[in-house]
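Please keep the structure in view while reading.

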Amino acid sequence: MADESYIQLTLELAKRGIGKVSPNPLVGCVITKNNKIIGAGFHAKYGDDHAEINAINSAQETLEGSTLYVNLEPCTHYGNTPPCVDRIIKEKIKRVVIGTLDLNPLVNGKSIKKMKDAGIEVKAGLLEKECIELNNFFFKFISKKLPYVTLKAAATLDGKIADVNSNSEWISSSESRKYVHSLRNKYDAVLIGANTALIDNPQLTVRHIDGRNPWRIILDSKLSLPLNLKLFQKNFDKRTVLVISENGLKKNRKIGELQKLGVKIITVKKQVNNKADLKFLLKDLARLNITSVLVEGGSKIFTSFIKQKLFDDLLVFISPKLIGEGVPVIQDIGINSIKDAIDLKLKSCDVIGDDIVAEYVL
């Protein structure tokens with residue numbers, strides 16, 4: 001039980017790096033000796049020291065004979081920093097307890113072998129499910145070269161995300177809207193469609209909490225959006241991305257104006273049904289080291305991701321409101337029978353303000 005308790009502590013430490021370490025994983029580390037904690041640390045910022053090094057450097061006594069706990073297998077390769085496993089061996093740490101192996105082929109199992117060869121006792125697989133879940137963004141990114149995709153919608157009890165006039169202010173509670181800002185800090189990018197950008201004129205930044213702004217991605221295949229939108233005019237951090245079709249390239253003058261505002265342009269091909277090839281887009285985003293995408297709307301965009309089966313989970317804020325007619329969460333996805341329905345599994349359910357927040361996975 002003591003081992004599991006310390007791995008749980010590494011998970012809590014690792015969470016302090018949310019919004020700061022991507023595309024690296026979230027990692028926490030605890031070092032014990034004679035049944036007391038003598039060092040602790042976490043990966044605080046991309047490019048900085050890893051959790052193991054921070055924990056080792058925090059220790060006020062010799063580490064020889066100690067036990068090191070970490071939620072993810074230590075690295076054994078040179079990246080922005082030297083291999084953590086070499087420092088662990090150098091400090092003569094006696095025992096290492098690991099939550100889960102690293103799916104990165106540069107690491108996977110290699111550091112465990114190296115430590116065992118050096119005479120270190122290694123135990124792996126404690127709270128493995130929780131450790132994998134904490135780094136689900138990283139694991140998908142490193143194994144499939146695609147970002148993790150969450151569809152996020154605020155809907156009335158009768159399944160509408162806006163009224164007949166496309167007005168959605170405000171379906172969800174103020175508490176839910178504040179929570180969404182914490183999600184924007186957590187995810188590398190937020191994605192919306194052209195209709196949502198035009199109607200809501202959002203900023204898609206983090207404002208109600210301390211955190212970093214995500215990349216802001218707008219799908220506008222026809223390059224139809226006006227230049228006066230907040231997403232373009234307030235692009236002070238140069239993290240707005242406009243996704244257009246090959247036909248949109250013909251509007252050279254407008255592209256030039258957007259680029260002067262610091263907007264990055266990505267061109268994607270279209271599928272036979274004249275919809276953007278979202279997998280092609282996701283691969284492009286992965287090349288920008290974007291490991292996770294929060295899709296905030298609207299209905300057409302949700303529908304496209306679902307039809308192309310390119311989402312990992314669905315997060316719905318269900319408000320205790322009824323409006324009857326309005327814009328549905330999703331539109332026609334080509335299913336005509338309940339027997340052919342896409343089955344999702346409930347992952348979690350909570351209450352925020354007056355809303356029920358349900359998370360579903362495929």
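A pocket, as the word is used here, is an open set of grid points where a 1.4 Å probe fits, with protein on both sides within 12 Å along at least five of seven lines. In this predicted model, the second largest pocket holds about 840 Å³ of space. Its lining is made up of 38 residues, and those that lie nearest the centre of the pocket are Glu133, Leu134, Asn136, Lys186 and Lys347. Several helices and strands each supply at least two residues of this lining, among them α1 (2–14), α5 (128–134), α6 (136–144) and β16 (355–361), while strand β15 gives the most, with five residues. By kind, the lining residues of the second largest pocket divide as follows.

| Kind of residue | Number in the lining |
|---|---|
| Nonpolar | 16 residues |
| Polar | ten residues |

Which residues of helix α2 (residues 51–58) are buried? They are Ala51, Glu52, Ile53, Ala55 and Ile56, and these buried residues pack against the strands β1 (28–33), β2 (36–42) and β3 (67–72) as well as against helix α3 (84–90).

In soluble globular proteins, nonpolar side chains tend to be buried together. Here the largest nonpolar core has 31 residues, and those with the most contacts inside it are Leu151, Leu191, Val243, Leu281, Leu285, Val295 and Phe305. Leu285, when residues up to four places away in sequence are not counted, touches Ile217, Ile266, Ile290 and Val293.

Note on methods
Residues are numbered from 1 along each chain as its sequence is written. This is a predicted model: local features need pLDDT of at least 70, side-chain atom pairs count only at pLDDT 80 or more; totals for chains, interfaces and linings use all residues. Side-chain values use heavy atoms; hydrogens and water are left out. Buried means under 20% relative accessible area, exposed over 50%, partly exposed in between (1.4 Å probe, protein chains only). Helices (H or I, at least four residues) and strands (E, at least two) are DSSP runs, numbered from the N terminus. Contact means heavy atoms within 4.5 Å. On a 1 Å grid over the protein atoms alone, a cavity is a set of points where a 1.4 Å probe fits but cannot get out, and a pocket is an open set with protein on both sides within 12 Å along at least five of seven lines; lining residues have an atom within 4 Å of a point. Grid points are joined across faces, edges and corners, and a volume is the space filled by probe spheres set on the points. Ala, Val, Leu, Ile, Met, Phe, Trp, Tyr, Cys and Pro count as nonpolar, Asp, Glu, Lys and Arg as charged, and the others, Gly among them, as polar. A nonpolar core is a set of buried Ala, Val, Leu, Ile, Met, Phe, Trp, Tyr and Cys residues joined through side-chain atoms within 4.5 Å.
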